[in-house]
Amino acid sequence: MASVLVVEDDQFVRSALIRHLTEASHTVRSVGTALEALREVAHHRFDVVILDLGLPDLDGSEALKMLRGITDVPVIIATARDDEAEIVRLLNDGADDYLTKPFSVEHLSARMAAVLRRSQAAAAEPPPRVLRVGGLAIDPLRRQAELDGAVLDLTRREFDLLAFLAGRPGVVVARRELLAEVWQQSYGDDQTIDVHLSWLRRKLGETAARPRYLHTLRGVGVKLEPPL
């Protein structure tokens, strides 16, 4: 069974969650503030965190960002807020799932089981292989990229963009997908992508007018493929 941290300041809700999770054979620790949650995560290993947004010391959305700075533990948001834009923002900020209060214990159990399955499947995946496209070699584990044997000096975002495209060689990737997967944003300014592509082209020794690896299809997307 799972080790669960419940972050909830409402004593009635908190007690009900603890009782249900304990009856389901989970190991449960609970706190009522964001700062206590951060201390717990820093000192204990959890399989999942259930995080309320209406905490007395810090809004749960800010607590989520701070949690993501120190751990990749799956986080399920428990909230009375049902604003779609805010829910999308929370998911983009690193939440793995959310539940709108009030919710049943059966619903919580099903969401927890799904999140834990995804987490366990990700942990069981083999280390990422070195991606090779023409003279490019991208090592996701070491976060290092080489062109014809020379190490490329890439920023974090440049590396993420190159690695994402290298994992799909020859495939045209839509800008919306790049924003979602590389920038973790559901929407944004295309200029952000254009600027990073320009920087990346410069380091690959090419230009938009004379591309070698990076090819832009106007109005469609971008693809990475080896030079002819």
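## Thr-79, a buried residue

Thr-79 has 2% relative accessibility, so it counts as buried. The cut-off for buried is under 20%. This comes from a predicted model. Thr-79 sits in strand S4, residues 75-79. Leaving aside residues up to four places away in sequence, Thr-79 touches Leu-53, Leu-99, Thr-100 and Lys-101.

The largest nonpolar core holds 28 residues. Leu-136, Ile-138, Leu-162, Leu-178 and Leu-224 have the most contacts inside it. Several elements give two or more residues to this core, among them strands S6 (131-133), S7 (136-139) and S8 (144-147). Helices H6 (156-166), H7 (175-181) and H8 (190-203) do too, as does strand S11 (221-224). H6 gives the most, with seven residues. A second, separate core has 20 residues, including Ala-34, Leu-51, Leu-55 and Val-73.

Take Leu-136 from the largest core. Residues up to four places away in sequence are not counted here. Leu-136 then touches Leu-131, Glu-146, Leu-147, Leu-152, Leu-162, Leu-204, Tyr-213 and Leu-224.

H8 has 14 residues. From first C-alpha to last, H8 reaches 20 Å, close to the 20 Å expected at 1.5 Å a residue. Its buried residues are Ile-193, His-196, Leu-197, Leu-200 and Arg-201. They cover an arc of only 140 degrees around the axis, so they lie on the same side of H8. An α-helix has 3.6 residues a turn, so residues three or four places apart point the same way.

What covers the buried residues of H8 includes H6, H7, strand S10 (214-217) and S11. The face turned away from the buried side carries exposed Gln-191 and Arg-202. Just after H8, Gly-205 takes a positive phi of about 75 degrees.

How values were computed:
Residues are numbered from 1 along each chain as its sequence is written. This is a predicted model: local features need pLDDT of at least 70, side-chain atom pairs count only at pLDDT 80 or more; totals for chains, interfaces and linings use all residues. Side-chain values use heavy atoms; hydrogens and water are left out. A nonpolar core is a set of buried Ala, Val, Leu, Ile, Met, Phe, Trp, Tyr and Cys residues joined through side-chain atoms within 4.5 Å. Buried means under 20% relative accessible area, exposed over 50%, partly exposed in between (1.4 Å probe, protein chains only). Helices (H or I, at least four residues) and strands (E, at least two) are DSSP runs, numbered from the N terminus. Contact means heavy atoms within 4.5 Å. The expected span of a helix is 1.5 Å times one less than its number of residues. The arc is that of the directions from the helix axis to the C-beta atoms.
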